[in-house]
Amino acid sequence: MIQTLDQLRALYAAPGERALRKQLDHLDVHGRRFVALSPFCVVASGGVHGALLDASPRGGAPGFVKASEDGRTLLLPDSGGNNRLDTFENLLADPRIALIFLVPGVDETLRVNGRARLRDEPEFTGQFDTERQRPRLVVEVQVHEAYLHCPKAFMRSQLWDAATWGPRSALPTLNQMIHDQMGTAAPAESQDQMLARYRTQLDEEARPGA
């Protein structure tokens with residue numbers, strides 16, 4: 001079992017100069033463009049549950065996360081969910097945050113690490129008035145580290161290659177899996193019915209005043 005840094009490093013070559021120097025303390029023009037094209041990111045946080053961390057998917061129209069012109073700040077809007085608020089509770093206890101941005105069809109990813117604050121002032125939430133729904137709060141991320149990640153993981157997984165995708169029927173519906181985990185009887189809801197229900201909820205969220 002690996003227990004020391006020396007043991008770990010003995011298994012791997014030293015990182016190359018490029019891998020180290022590509023890390024910036026802000027989002028440059030390429031990083032800001034990546035964020036503007038991204039409809040999906042994963043947010044990692046930790047704090048409330050001790051040593052355990054949390055990773056949460058977030059999505060919206062491309063550019064739903066806004067980057068400042070100087071590339072030192074990101075604004076991530078809240079969106080409707082299950083109201084567990086795991087990420088927000090974590091950030092109140094520990095402001096450290098990490099994000100990975102994805103662009104469909106692009107094998108590279110963008111990694112951003114920083115510190116976050118939860119903002120509900122109109123000058124923050126009002127920046128999203130033209131989006132589907134004005135958020136209740138916005139996560140303000142002060143960027144400390146940002147770098148583009150190589151495409152090897154996506155090349156290995158062939159994530160964007162539809163020819164490698166298995167049928168959705170390889171898994172039960174989400175509704176069935178959750179009811180199995182809870183030990184309760186699941187109502188008869190197909191995958192298509194579940195997706196239709198979620199689409200209705202998203203449409204209702206987007207209505208004025210929602």
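## Histidine 149 and its surroundings

The side chains of histidine 149 and arginine 111 are joined by a polar contact of 3.2 Å, a polar contact being a pair of N or O atoms within 3.5 Å, where within protein one must be able to donate a hydrogen and the other to accept it, and where residues adjacent in sequence count only if both atoms are side-chain atoms. This is a predicted model, in which local features need pLDDT of at least 70 and side-chain atom pairs count only at pLDDT 80 or more, while totals for chains, interfaces and linings use all residues. Residues are numbered from 1 along each chain as its sequence is written, and side-chain values use heavy atoms, with hydrogens and water left out.

Histidine 149 belongs to strand 7, residues 138-149; helices (H or I, at least four residues) and strands (E, at least two) are DSSP runs, numbered from the N terminus. With a relative accessible area of 28%, histidine 149 is partly exposed, a class that lies between buried (under 20% relative accessible area) and exposed (over 50%), using a 1.4 Å probe and protein chains only. Leaving aside neighbours within four places in sequence, histidine 149 is in contact with Lys22, Glu108, Thr109 and Arg111, where contact means heavy atoms within 4.5 Å. Leucine 110 is 39 residues from histidine 149 in sequence, yet their C-alpha atoms are 5.9 Å apart in space.

## Overall architecture

The secondary structure of the protein comes to eight helices and seven strands, and the C-alpha trace spans about 55 × 45 × 40 Å along its principal axes. The domain assignment gives domain 1 (20-157) and domain 2 (166-206), with bounds that come from an automatic or database domain assignment, and the C-alpha centres of domain 1 and domain 2 lie 27 Å apart.

Of the 210 residues in the protein, 28% are buried. Among contacts with a separation of 6 or more, 62% are between residues 24 or more positions apart. The accessible surface comes to about 14,000 Å², of which 55% belongs to carbon and sulfur atoms; such areas come from the Shrake-Rupley method with a 1.4 Å probe, and for residues only the protein chains shown count as cover.

The buried residues of helix 4 are Asp86, Thr87, Phe88, Asn90 and Leu91, and what covers them includes strand 1 (40-46), strand 2 (53-59), strand 5, strand 6 (109-119) and strand 7. Aspartate 86, buried at 18% relative accessibility, forms a salt bridge with arginine 84 (2.8 Å, N to O), a salt bridge being a side-chain nitrogen of Lys or Arg within 4 Å of a carboxyl oxygen of Asp or Glu.

The loop between helix 4 (86-93) and strand 5 (96-102) holds aspartate 94, which counts as buried at 15% relative accessibility. The side chain of aspartate 94 makes a polar contact of 2.7 Å with that of arginine 96, and, not counting residues up to four places away in sequence, aspartate 94 touches Gly46 and Gly47.

## Other salt bridges

By the rule given above, the count comes to eight salt bridges. One of them joins the side chains of arginine 21 and glutamate 17 (3.2 Å, N to O); both residues lie in helix 2, four residues apart, about one turn of the helix, and both are exposed.

Another salt bridge links arginine 72 to aspartate 25, with the closest N and O atoms 3.6 Å apart. Arginine 72 lies in the loop between strand 3 (66-67) and strand 4, and aspartate 25 in the loop between helix 2 and helix 3 (29-37), so the pair ties together parts that are 47 residues apart in sequence. Arginine 72 counts as partly exposed at 36% relative accessibility, as does aspartate 25 at 41%.

Threonine 73 lies in strand 4, residues 73-77, and counts as buried at 17% relative accessibility. Leaving aside neighbours within four places in sequence, threonine 73 is in contact with Lys66, Ala67, Ser68, Glu140, Val141, Gln142 and Val143.

Leucine 11, found in the loop between helix 1 (5-9) and helix 2 (17-21), is exposed, with a relative accessible area of 56%.
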